[in-house]
Amino acid sequence: MARTIIPFGPQHPVLPEPLHLKLTLEDETVVEAIPALGYIHRGLEGLARGRDFNQMVYVVERVCGICSCIHALCYCNCIEKLMGLDVPRRAKYLRVIWSELHRIHSHLLWLGLFADAFGFESLFMALWRVRERVMNILEATAGNRVIISVNIIGGVRRDINGAMLQHMLLDLDAIEKELKPLYSTMMNDYTVQKRTVGVGVLSKEQAYALGSAGPVLRGSGWAQDMRQLKYEAFEDLDFEPVVEHEGDCFARNKVRFREVFQSIDLVREAIRKLPDGDLAVKVKGNPEGEITFRVEQPRGELFYYVRCNGEKNPERVRIRTPTFANIPPLLAMLPGVQLADVPVIALSIDPCISCTER
Amino acid sequence: MFMTKTILSNLLTKYATRMHPVEQRILPDGFRGRFKFAIDKCILCRQCVLKCPTKVIRIDPEVGLWEREVMGCLYCGVCADVCPTGCLTMTNVYRPPITEPAFLRFNVKPRPAKKKELSQEGEIKAAIEAKVAEKVEGGSRSGKVETMEEDAVISAAEAKAESPEGKKPEPAKKGKR
């Protein structure tokens, strides 16, 4: 049988971002997949030398639109640890509230796109309608829908008052109520199961050996979540990672949907325990030394390395994003599947290419 | 059969979308929208220049120019946060997109000469006192605080740039980057 090479992406109806895969096919079966990255490289790491460490917060937020708050959170933690700043407890809780809201809207966006990828358009629209409620909360509390710019070195910029917190609790109840029937549709509908169960299986050993991160890893049975490191206010919150054992697209889907409910609970708990106090501490001097820090993004483990030499500008900022870690597992999933399943599998790792290429 | 419930609930609930031009969205108070300038309050302290993440604000204290490249602005609101006199504030008015690079320029009263350039000590004292008095008055130099909205200013600036006798201190070309 002669082999054919089919380019998948960078422009493809199913992809939100330009991922390019060269697929070698035998008949309709994928034999090999070769990725090509570099369509949206912007050189944001190099920009660190031209911006001072306070301005850099707004640069790292632009690495990824959909999880901007968590990028800034990770970078701020690095600089705060280098300078020995003690962030107020209220700021830590507010950061958790905003980052969990970001996780909810990122997962709902992905679930919608995933539903669209296997042709379930009404589910896609229903999920995005719920997502709009989360966006409204973010806009009312932080001032913008996606890039909310609330984190600064030493704390947060904005406060959430009591009335707004009550409003948020009511909204979260409504979101949960609207999501319950969609969850049962996603889990029990046979059209969803036909397209996802047993497709793109990643075994437990493979997932670990290939260094996957986030829901891909947890969908294969590893209970590993960076929130277990107890950064920010997670030390006071009840948290257990969501784990599924099948390792297929359906399991990854289930992990993400269950994480939405988990994040709603975390926000509720953080609002209940929210302490009074200052929002930020004053920053004096420049950071010096080098540090690494890890946080959990919606897509997995986000890793920052920052080196400063006592000047205004950081000397080096290195960002390792979860999608970068999840591309080798994707290439391991693809051989042996049908061409029609490739969009579903490619989307099941939640590819964020602008993160990967920075 | 299981679709009946969904169909009925959809028939009985309102649309999730809105008839946009007729029905406008109400933006929350904290929305980071259009800037509002009370430029008479500006003391050319350069705080906004130093803190701007995209470095699009430029100040020339000698001729009294405050300039921002509108397209480069992220609307992060840092300049409004750091402004000591409340010259720059953010409103919750929706900011429509613009289609070509534009500069937002203001003429501010130039800063008085630097301290070391004044010969007499008495003059320094007088200058400082004058400045303090000005701040106490509410930062107003000409007596009335002029507030302008961004789009009005952009069109005014453009009109000035086109008129031949416009007293613009910096004749930078529109669209220069």
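Biologist: What percentage of the 358 residues in chain A is made up of buried residues?
Modeller: This is a predicted model, where local features need pLDDT of at least 70, side-chain atom pairs count only at pLDDT 80 or more, and totals for chains, interfaces and linings use all residues. Residues are numbered from 1 along each chain as its sequence is written, while chains are lettered from A and ligands numbered from 1 in the order written. Buried means that 20 or more other C-beta atoms, placed from the backbone, lie within 10 Å of the residue's own; exposed means 12 or fewer, and partly exposed is in between. For chain A, the buried share is 51%.

Biologist: What radius of gyration does chain A have?
Modeller: The value is taken over C-alpha atoms, and the globule rule is 2.2 Å times the number of residues to the power 0.38. The C-alpha trace spans about 70 × 45 × 35 Å along its principal axes. A compact globule with 358 residues would come near 21 Å, and chain A agrees, with 20 Å.

Biologist: Are H5(A) and H9(A) roughly parallel or roughly antiparallel?
Modeller: Helices are DSSP runs (H or I, at least four residues), as are strands (E, at least two), numbered from the N terminus. Axes are lines fitted to C-alpha atoms over the stretch in contact, with angles from 0 to 180 degrees between N-to-C directions; those of H5 (residues 162-188) and H9 (residues 249-273) of chain A come within 11 Å and cross at roughly 165 degrees. Under 35 degrees counts as roughly parallel, over 145 as roughly antiparallel, 65 to 115 as roughly perpendicular, and the rest as oblique. Therefore H5(A) and H9(A) are roughly antiparallel.

Biologist: How many nonpolar residues does the contact of H5(A) with H9(A) have?
Modeller: Contact means C-beta atoms, placed from the backbone, within 7 Å. Among the residues involved are Leu172(A) and Tyr183(A) of H5(A), and Phe257(A) and Ile264(A) of H9(A). Ala, Val, Leu, Ile, Met, Phe, Trp, Tyr, Cys and Pro count as nonpolar, Asp, Glu, Lys and Arg as charged, and the others, Gly among them, as polar. Besides one polar and three charged residues, the nonpolar count is 15.

Biologist: Which element gives the most to the side of chain A that touches chain B?
Modeller: The contact takes twelve residues from chain A and ten from chain B. Helix H1 (56-61) and helix H4 (121-142) of chain A are the elements giving two or more residues to that side. With four residues, the top contributor is H4(A).

Technical notes
Contact = placed C-beta atoms within 7 Å.
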